[in-house]
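Biologist: I would like to learn how to read a structure like this one. Could you take me through some of its features, one by one?

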Amino acid sequence: MSQRASVLVVDGHRASRESVSDVLTAKGFTVETAATGAESLDRLRHHAFDAAIVDIKLPDVSGLELLRALRTEAPALEVVFITGYGTPQTAIEAIDGAAFAYLTKPIEMEHLLAVLRRAIERRRLTQALRESEERYRLIAENIRDGIFLVDPDGRVLFANRRAEELSGHSQAELAGRPILSLLAPESLARAEERLAAIRAGQDVPPSFEAELVRKDGTRLWVEAHDTPIVRDDRVVGRLGLVRDVTERKRAEAELARQRDTLYQSEKLAAMGQLLAGVAHELNNPLSVVIGHAAILRSTADTSIAERANRIGQAAERCARIVKNFLALARQRPLEREEVSLNQIVREAVELVAYQLRVDDVDVVQDLAQDLPLLWADSHQFHQVLVNLVANAHQAMRETARPRRLTLRTRAAADRRWITLEVGDTGPGVPTRHRARLFEPFFTTKPAGAGTGLGLALCKGVVEEHSGRIALASGDGPGAVFRIELPVETSEARSPAPPRAAATTRISGRRVLVVDDEPDIVRLFVDILVADGHWVETASDGIEALESLDRSEYDLILCDLRMPKLDGAGFYRELAQRRPELLRRIVFITGDTLTPESTRFLEHVGVPMLTKPLTLDDIHRVTQQVLQAP
Ligand SMILES: Nc1ncnc2c1ncn2[C@@H]1O[C@H](COP(=O)(O)OP(=O)(O)OP(=O)(O)O)[C@@H](O)[C@H]1O
Ligand SMILES: [Mg+2]
């Protein structure tokens with residue numbers, strides 16, 4: 001006790017007051033004196049004493065009344081009573097009034113000193129205890145973790161303010177409550193297993209994650225740290241520290257999602273290369289099968305024509321798959337033009353109108369009249385629609401009639417976005433499939449019926465046009481897919497290539513076909529000659545330039561990848577020598593494009609024919625160029 005203890009001596013008799021004061025001062029106490037109750041209270045207001053020695057008989061007030069007044073003024077003060085004629089009753093009252101001791105006169109000085117020292121010691125212990133309690137309360141109430149103290153039965157003995165905030169229950173509501181009753185059922189099961197393991201003497205990690213159900217029913221993820229409280233080798237309770245980890249959980253989920261997306265896109269990129277390689281090998285032979293089947297269909301007798309038709313259809317189906325692969329692998333540049341989404345919708349529905357009728361599907365085309373035009377790749381959007389309509393059709397085959405396919409287009413009020421919805425009355429998409437719907441190769445259809453590329457392709461195309469696609473329907477029957485597309489401003493656009501307007505097919509023109517693949521050359525010659533054109537061929541760019549020196553052409557179909565002088569080199573030569581012919585070129589592309597080729601094609605904006613070639617494509621593109629002024 002380094003600090004000197006201070007004592008107030010309250011006594012009406014001056015002599016005895018002073019003699020006590022002298023002895024205490026001599027013993028090293030700091031002493032002040034008071035002759036009356038009022039005076040003693042006044043002293044107390046100006047100084048914090050450790051103890052008071054009070055004669056119970058004072059001129060102005062009874063000792064017991066003074067004791068009560070002292071208690072109010074200085075609750076921690078230790079009081080020692082002294083009297084000459086005390087009765088046991090007074091002593092009991094004094095002690096009940098929380099006096100430290102009660103001494104009768106004559107006072108044995110040594111005795112008084114001993115009692116005083118004990119009183120001061122108690123006072124200092126009480127003070128230290130109070131300070132320590134205050135310190136812990138300060139920590140407990142301000143810490144960012146929830147604190148729960150529970151008894152051996154798991155009932156809450158103490159909960160801090162943060163525990164109140166986390167649980168939504170007041171401290172009073174928490175008191176006595178089984179702590180496990182705050183947990184969500186799944187977490188409860190795990191917490192009980194954990195406790196069982198602890199009771200069985202197993203080692204368990206001190207921290208675990210759990211979900212709380214708050215008073216308002218909302219849930220909250222927390223990390224709990226649980227420590228046994230051991231006294232005399234016995235567990236007398238547990239201390240739980242609880243931290244809100246909602247934000248961390250959210251961040252973790254986000255990270256996992258990003259990792260997954262990255263993984264998906266890497267998978268797609270690797271797959272894209274593989275697919276593009278396969279597609280490359282299939283392109284030319286498929287073009288040949290499709291083309292010749294088409295020619296055969298229009299020239300042979302009916303029974304052969306019918307077979308040619310079937311061959312053609314099967315090959316076109318293969319071609320569609322290959323095109324899906326290529327579009328998915330993003331190995332093809334966008335061929336943007338001004339596009340009417342309504343027109344694409346109508347065309348796509350038209351394509352499958354017959355099969356839809358067979359299956360009794362009503363088609364509702366709710367198309368906005370004033371839809372702004374899109375600056376988009378119409379072929380890719382055509383594929384998107386074909387895929388969405390095919391999915392809806394397949395889904396509705398599983399459900400009873402009536403069956404309805406709804407196609408709805410709308411423009412946003414500011415006309416900067418267009419939405420397209422494709423809805424059906426099929427079984428809908430179960431929640432468990434939602435997350436994976438747009439993943440490549442995710443399919444619920446039997447092998448042979450679906451490859452799981454349709455929606456992945458749709459997503460790829462829509463996102464490449466800076467749009468979004470999502471499943472807009474909830475649980476339960478009926479699926480609705482919604483696509484939102486930005487209407488790009490005209491400044492961002494390059495001039496639209498001319499579109500074929502006339503419906504009569506132009507024939508009798510001179511065409512130069514430049515390609516190093518004899519099969520493809522042969523196919524073009526057959527088709528174009530059947531259309532009534534004059535056709536000449538060249539097997540590379542150099543030969544083509546020689547032909548141009550000799551003759552005039554209305555249309556030049558030119559492969560991009562050729563030996564000696566490739567398509568791009570040929571284009572540049574032409575720009576030097578015969579710039580007026582640049583409008584007459586159509587490039588034939590198909591397989592993997594190098595980034596340079598992609599840039600080149602985007603830059604020159606020349607019409608393209610992409611392999612595998614179909615008869616329709618060839619007619620459409622050649623007519624487009626021939627009809628241009
Ligand atoms: N309209 C729909 N109604 C219910 N489920 C659908 C619908 N559209 C797609 N799905 C579900 O999404 C899955 C993936 O569709 P996606 O078009 O990507 O592949 P797929 O149709 O299975 O095969 P692919 O289109 O390659 O032939 C389908 O297998 C189906 O489970
Ligand atoms: Mg599909």
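Biologist: Let's start with a pair of helices: which residues in α1 meet which residues in α5?

Modeller: Keep in mind that this is a predicted model. To read a helix pair, begin with the side chains that touch. Ser 19, Val 20, Val 23 and Leu 24 of α1 meet Met 109, Leu 112, Leu 113 and Leu 116 of α5.

Biologist: At roughly what angle do the axes of α1 and α5 cross?

Modeller: The axes of α1 (residues 14–26) and α5 (residues 109–142) cross at roughly 65° and come within 11 Å. The handedness of this crossing is right-handed.

Biologist: Now the other pair: how do α11 and α12 lie to each other, oblique or roughly parallel?

Modeller: Look at the angle. The axes of α11 (residues 341–358) and α12 (residues 378–397) cross at roughly 40° and come within 9 Å. Angles under 35 degrees would count as roughly parallel, so α11 and α12 are oblique to each other. Here, too, there is a handedness to read: α11 passes α12 in a right-handed crossing. On the α11 side, the contact is made by Leu 341, Ile 344, Val 345, Glu 347, Ala 348, Leu 351, Val 352, Gln 355 and Leu 356. On the α12 side, the contact is made by Ser 378, Phe 381, His 382, Leu 385, Val 386, Val 389 and His 393. The residues of this contact divide into 11 nonpolar, four polar and one charged.

Biologist: Which peptide bond ending at Pro 402 is cis?

Modeller: That is the bond from Arg 401 to Pro 402, with omega near -5°. Pro 402 lies in the loop between α12 and β14 (403–411). Another case is the bond from Lys 611 to Pro 612, which is cis with omega near -5°. Pro 612 sits in the loop between β22 (608–610) and α19 (615–627).

Biologist: And what is the phi of Asp 233?

Modeller: Phi of Asp 233 is near 65°, a positive value in a residue other than glycine. Asp 233 belongs to the loop between β9 (219–231) and β10 (234–244). With 79% relative accessibility, Asp 233 counts as exposed. Asp 360 also has a positive phi, near 60°. Asp 360 is placed in the loop between α11 and β12 (361–367), and at 45% relative accessibility Asp 360 counts as partly exposed.

Biologist: Stepping back, which domains does the assignment give for the protein chain?

Modeller: The domain assignment gives domain 1 (6–139), domain 2 (143–244), domain 3 (254–328), domain 4 (336–492) and domain 5 (510–627).

Notes: Residues are numbered from 1 along each chain as its sequence is written. Chains are lettered from A and ligands numbered from 1 in the order in which they are written. This is a predicted model: local features need pLDDT of at least 70, side-chain atom pairs count only at pLDDT 80 or more; totals for chains, interfaces and linings use all residues. Side-chain values use heavy atoms; hydrogens and water are left out. Axes are lines fitted to C-alpha atoms, for helices over the stretch in contact, and angles run from 0 to 180 degrees between N-to-C directions. Helices (H or I, at least four residues) and strands (E, at least two) are DSSP runs, numbered from the N terminus. Angles under 35 degrees count as roughly parallel, over 145 as roughly antiparallel, 65 to 115 as roughly perpendicular and the rest as oblique. A crossing is left-handed if the near helix is turned anticlockwise from the far one by less than a right angle, and right-handed if clockwise. Contact means heavy atoms within 4.5 Å. Ala, Val, Leu, Ile, Met, Phe, Trp, Tyr, Cys and Pro count as nonpolar, Asp, Glu, Lys and Arg as charged, and the others, Gly among them, as polar. Buried means under 20% relative accessible area, exposed over 50%, partly exposed in between (1.4 Å probe, protein chains only). Domain bounds come from an automatic or database domain assignment.
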